[in-house]
Amino acid sequence: MPIPVRDFSWEETDSVVTVEVPLKGASAANADIFSTDVYLKVNFPPYIFEVDLYAEVDEPRSVASVGGGCVRFRLFKKAEVHWGVLAFESDDKAALRQRREESIVRLHARAEEERKEREAAKNKAAKYAQELAVEADKQERERVAAQKRAEVEAAQAEVAQWEERVKDQKAVAEKEEEEAQRKRVAEVAASMAAAEAKAAVAVERAAASAAAATKAPAHSIFSDADVDGTAAAASPAPAAAAAAAAAAATAATAPAAEPEAPLRRGGNISVKFTKRVLPSAAREEGDRKFLEEVQAKTQAAQNPDAQGIEEMNAVWLKDKGNKFFKEGNFLAAINAFTEAIRLDDTIPALFANRAACHLKVDQYADCVADCDTALELLPEWAVENAAQRVKVFLRRGAARAKQGQLAEAIADYKGAQRLNPSNQTIVGDIAKLEEALASVAVAN
């Protein structure tokens, strides 16, 4: 049976009622406090405090606090009147119980209303947050779309400039070719004019000789030639002179006969053909346009994502990859070099440059594979490949060192040193690698 608390205290003003209930040594954590607008209850076994208030209070504004060994209620009156007493006194127990139950129902209704208000506020906040997220996502998509448009426009402008430069270079080349053609035509015309002038001089000389030959010497009318017909036999002289003039003209215009070369003794000449590894632009220039058209059609079928004809050009993609590398966008550079290799896998610089990108993003196995391919496309016997082979050896050596393959890395660095023995940086790197390899050997 709980023990009711009688030694509580209270005081009032016209608007506030204060009630203090001693806890009698009980722990504040064990105190169960319940209040409505007309009822207060504090349960701290084995004690209990309860009171039916004289009039209604504003329960939402009222507060209860625990501290100093007591529970303090600060209650705000609904009507600013003087109570005079704290408890509502009634002999009708049923009416008093009904008064408590109605206050509890009001408390539950208010609690439910507050719960709904909190839920509505929470839903409103969630909806607002969702709207903010949607708006932020919309702005982000617009920003990304604008950035893509700007990049596409910049790329198109760059391609247009590149095409304009190519067109200008082509126009300059065509102009130079036309100028050279005019010079060749002028030289041929001058040569022909000189030959015609020489022929004319020869014809004139032959004609003069023929005219001189046609003048017969004066004979006496009593000479023997008139009698035996000798003078009549001289009549074919003009025809012979004309024939001689024509022959002279032909000889003047005909090229001079070359002296006959002496006969050589027979023999054998041994000829060896070197395998052609590198493409020869001079020999393939005649078929280049045809090959480019075939490559463009093939790439259009293999790469439908290409934005234009420039993305089907391996050289253009190589320049684009180099630009991305300089900007530090190594993944984009790898994509550009990969597309270029798909178009033309015979250019060693594509594999060498992509290997440098793989090294930057710690893709060491891919770097080694590209270096292997680049070295195959850069034959050692070609002196002009030495500088590029040095770079490839160093990149492969760096990748192998990162993989822990120190012996193979030293071999690559020594390969670079053989091609560039005066580079002291390579010498220092070899010394560091050999020291690291020795340390690993000692540790094992």
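Begin by selecting Ser103: leaving aside neighbours within four places in sequence, Ser103 is in contact with Thr36, Asp37, Val38 and Tyr39, where contact means heavy atoms within 4.5 Å. The model is predicted, so local features need pLDDT of at least 70 and side-chain atom pairs count only at pLDDT 80 or more, while totals for chains, interfaces and linings use all residues. Residues are numbered from 1 along each chain as its sequence is written, and side-chain values use heavy atoms, with hydrogens and water left out.

**Helix α1**

Ser103 belongs to helix α1, residues 93-214. Helices (H or I, at least four residues) and strands (E, at least two) are DSSP runs, numbered from the N terminus. Ser103 is buried, with a relative accessible area of 1%. Buried stands for under 20% relative accessible area, exposed for over 50%, and partly exposed for what lies in between, with a 1.4 Å probe and protein chains only.

Next, select Leu107, which is also found in helix α1. Leu107 is buried, with a relative accessible area of 14%. Not counting residues up to four places away in sequence, Leu107 touches Phe34, Ser35, Thr36 and Glu59.

**The whole chain**

Now display the entire protein, in which there are twelve helices and eight strands. Of its 444 residues, 25% count as buried. Among contacts with a separation of 6 or more, 55% are between residues 24 or more positions apart.

Most residues other than glycine have a negative phi, and most peptide bonds are trans.

Select Lys24, in the loop between β3 (16-22) and β4 (32-35). Phi of Lys24 is near 55 degrees, a positive value in a residue other than glycine. Lys24 is partly exposed, with a relative accessible area of 37%.

Move to Pro45 and Pro46. The peptide bond from Pro45 to Pro46 is cis, with omega near 5 degrees. Pro46 is placed in the loop between β5 (39-44) and β6 (47-52).

Then select Asp362, in the loop between α8 and α9. Its phi is near 65 degrees, a positive value in a residue other than glycine. Asp362 is exposed, with a relative accessible area of 52%.

Two packed helices are described by the angle between their axes and the distance between the axes. Axes here are lines fitted to C-alpha atoms, for helices over the stretch in contact, and angles run from 0 to 180 degrees between N-to-C directions.

Select α6 (residues 314-327) and α7 (residues 330-343), whose axes come within 8 Å and cross at roughly 165 degrees. The two helices are therefore roughly antiparallel to each other. Angles under 35 degrees count as roughly parallel, over 145 as roughly antiparallel, 65 to 115 as roughly perpendicular and the rest as oblique. The crossing of α6 and α7 is left-handed, a term for a near helix turned anticlockwise from the far one by less than a right angle, with clockwise giving right-handed.

To show the contact, pick residues including Leu317, Phe324 and Phe325 in α6 and Phe330, Phe337 and Leu343 in α7. By class, this contact has eleven nonpolar, two polar and two charged residues. Ala, Val, Leu, Ile, Met, Phe, Trp, Tyr, Cys and Pro count as nonpolar, Asp, Glu, Lys and Arg as charged, and the others, Gly among them, as polar.

**Helices α10 and α11**

Continue to α10 (residues 386-402) and α11 (residues 406-419), where the axes come within 8 Å and cross at roughly 165 degrees. That makes α10 roughly antiparallel to α11. Their crossing is left-handed. Residues that meet here include Val390, Phe393 and Leu394 in α10 and Leu406, Tyr413 and Leu419 in α11. The contact of α10 with α11 has eleven nonpolar, two polar and five charged residues.

**The nonpolar cores**

Finally, select Val392, Ile426 and Leu433, the residues with the most contacts inside the largest nonpolar core, which has 35 residues. A nonpolar core is a set of buried Ala, Val, Leu, Ile, Met, Phe, Trp, Tyr and Cys residues joined through side-chain atoms within 4.5 Å. Elements that give two or more residues to this core include α6, α7, α10 and α12 (424-443). The largest share, seven residues, comes from α9.

Not counting residues up to four places away in sequence, Leu433 touches Ala401, Leu406, Ala409, Ile410 and Tyr413. For the last stop, select Val5, Val21, Leu23 and Leu86, which are included in a second, separate core of 18 residues.
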